[in-house]
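Here is a friendly briefing to read alongside the model. Please keep the sequence and the 3D view open as you go.

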Amino acid sequence: MTRTAAFLGLGAMGGPMAAHVVRHRQAQGGRALVWNRTRSKAEAHAAEFGGEAVDLAGVAGADVIFTCLPTSAEVDGVMDALIGDLREGATWVDCTSGHPEAARRQSARLSERGVAFLDAPVSGGPWGAEAGKLTVMVGGDAGVLERVRGDLAFAGRVVHMGEVGAGFAVKAVNNTLMAVNMWAAGEGLAALARTGVDLRAALDVINASSGRSYPTESLIGQRVLTREFPVTFTLGLLAKDTGIAADVVREAGASAPVLTQTAALVRAAATTVGAGADYSAMLRLVEQMNGRELR
Ligand code: NDP
């Protein structure tokens with residue numbers, strides 16, 4: 001069956017994800033539409049990968065609509081514009097790291113129009129997106145997921161997490177665990193810096209020992225000690241994710257002081273260091289608190 005896929009939001013993640021969707025749709029004989037708020041990016045994407053750059057109204061008739069926008073608020077914005085013209089039987093797959101409550105509301109709203117909704121946030125970063133190896137955590141109806149599974153051409157792994165919103169909840173908790181590890185490692189290294197220990201040597205030992213984590217192995221040595229802080233994922237987006245996790249904790253009636261405290265620390269870092277900085281730059285706040293640079 002030929003069908004039309006549309007991808008909305010061609011940022012650091014959406015751009016390379018959309019390229020896979022375009023290639024897959026072309027191989028299947030359907031149409032692939034790309035839209036971006038800044039239209040020149042959609043035109044450049046279409047010229048490079050072969051999809052069709054369209055106006056927002058042009059995606060309304062698609063069978064599968066992907067979104068990958070900063071937050072659920074921007075998804076609301078494009079949904080407001082499209083809702084009256086969507087095709088009955090279509091599926092909206094939101095790859096934004098969104099809010100579970102928004103997912104439930106958006107799903108209900110779309111269902112009144114005969115459109116299915118899946119929350120399908122991703123992990124793996126821009127490199128995983130380019131390689132087509134993202135992990136996709138999906139909330140929503142399992143039968144709907146089966147209908148669109150082939151269209152998730154950017155995925156290395158697709159895992160059904162539960163009802164609508166479950167994918168967003170898992171994504172937020174995952175990113176908060178990363179933030180917990182990064183913050184804690186930063187505190188430990190700042191204390192060691194104050195005692196005069198060489199931080200490269202300390203990091204080498206930690207990475208060969210039980211204190212290691214993704215931030216110690218893949219972020220702090222490469223981004224913080226080098227003072228490069230290259231922007232691949234912004235601190236503002238991480239603060240949004242940890243805030244969502246704090247909401248999940250509260251709504252679940254859970255006790256998770258470390259997660260909620262970390263959400264507050266990441267928010268403070270985004271405010272003091274800058275929301276547009278790389279997420280590794282949250283350790284600049286730890287540096288300020290300790291009067292030492294991690295280098
Ligand atoms: P980017 O900032 O790189 O891209 C954001 C995209 O959203 C751009 O296409 C931008 O358009 C568009 N956009 C922004 N505001 C609006 C708006 N009001 N209306 C319509 N479109 C808008 O973000 P990322 O690609 O990094 O992140 C996207 C999502 O993926 C986020 O939810 C993030 O948390 C998540 N994520 C990010 C990862 C990463 O490593 N970067 C990893 C995994 C998940 P324009 O070009 O016009 O600015």
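The notes below go through domains, cores, ligand site, helices and one loop.

This is a predicted model. A nonpolar core of 31 residues is the largest one here, and 24 residues surround the ligand.

- Domain 1 gives 15 residues to the contact, and domain 2 gives 12 residues.

**Nonpolar cores**

- Within the largest nonpolar core, the residues with the most contacts are F7, M17, V34, F66, V93, C95 and F154.
- At least two residues of this core come from each of the strands β1 (4-8), β2 (31-35), β4 (64-67), β6 (116-119) and β8 (134-139), and from each of the helices α1 (14-28), α2 (39-49) and α6 (142-148).
- Helix α1 supplies the largest share of this core, with four residues.
- Another core lies apart from this one; it has 30 residues, including A190, L225, A269 and L285.
- What does V93 touch, leaving aside its neighbours within four places in sequence? V93 is in contact with V64, I65, F66 and T67, and also with L118, A120, V148 and L152.

**Ligand site**

- Of the residues around the ligand, the closest are A12, N36, T38, K41 and P70.
- N36 has a polar side-chain atom 2.7 Å from an oxygen atom of the ligand.
- Backbone atoms take part too: an N or O atom of L10 lies 3.2 Å from a ligand oxygen, and one of G11 lies 3.4 Å from a ligand oxygen.
- On its own the ligand has 910 Å² of accessible area, and the protein covers 83% of that.

- H45 sits in helix α2. Is H45 buried or exposed? H45 counts as buried because its relative accessibility is 6%, and the cut-off for buried is under 20%.
- Leaving aside neighbours within four places in sequence, H45 is in contact with L10, G15, A18, A19, V22, V34 and G50. One of these, L10, also has the backbone atom at 3.2 Å from a ligand oxygen.
- Helix α3 covers residues 72-82, and its buried residues are S72, V75, D76, V78, M79 and L82.
- At the start of α3, the backbone nitrogen of A73 has a side-chain oxygen of T71 within 3.1 Å.
- L145 belongs to helix α6 and counts as buried, at 1% relative accessibility.
- Setting aside neighbours within four places in sequence, L145 is in contact with L118, V138, L152, V158 and H160.
- L145 and V248 are 103 residues apart in sequence, and their C-alpha atoms are 23 Å apart in space.

- Most residues other than glycine have a negative phi.
- Which values do we find in this loop? R227 is not a glycine, yet has a positive phi of about 65°. F229, also not a glycine, has a positive phi of about 45°.
- R227 lies in the loop between α9 (214-224) and α10 (235-251), and F229 has its place in the loop between α9 and α10.
- R227 counts as buried because its relative accessibility is 17%.
- F229 is buried too, with a relative accessible area of 8%.

Key. Residues are numbered from 1 along each chain as its sequence is written. This is a predicted model: local features need pLDDT of at least 70, side-chain atom pairs count only at pLDDT 80 or more; totals for chains, interfaces and linings use all residues. Side-chain values use heavy atoms; hydrogens and water are left out. A nonpolar core is a set of buried Ala, Val, Leu, Ile, Met, Phe, Trp, Tyr and Cys residues joined through side-chain atoms within 4.5 Å. Buried means under 20% relative accessible area, exposed over 50%, partly exposed in between (1.4 Å probe, protein chains only). Contact means heavy atoms within 4.5 Å. A residue is near a molecule or strand if one of its heavy atoms lies within 4 Å of it. A polar contact is a pair of N or O atoms within 3.5 Å; within protein, one must be able to donate a hydrogen and the other to accept it, and residues adjacent in sequence count only if both atoms are side-chain atoms. Accessible areas come from the Shrake-Rupley method with a 1.4 Å probe; for residues, only the protein chains shown count as cover.
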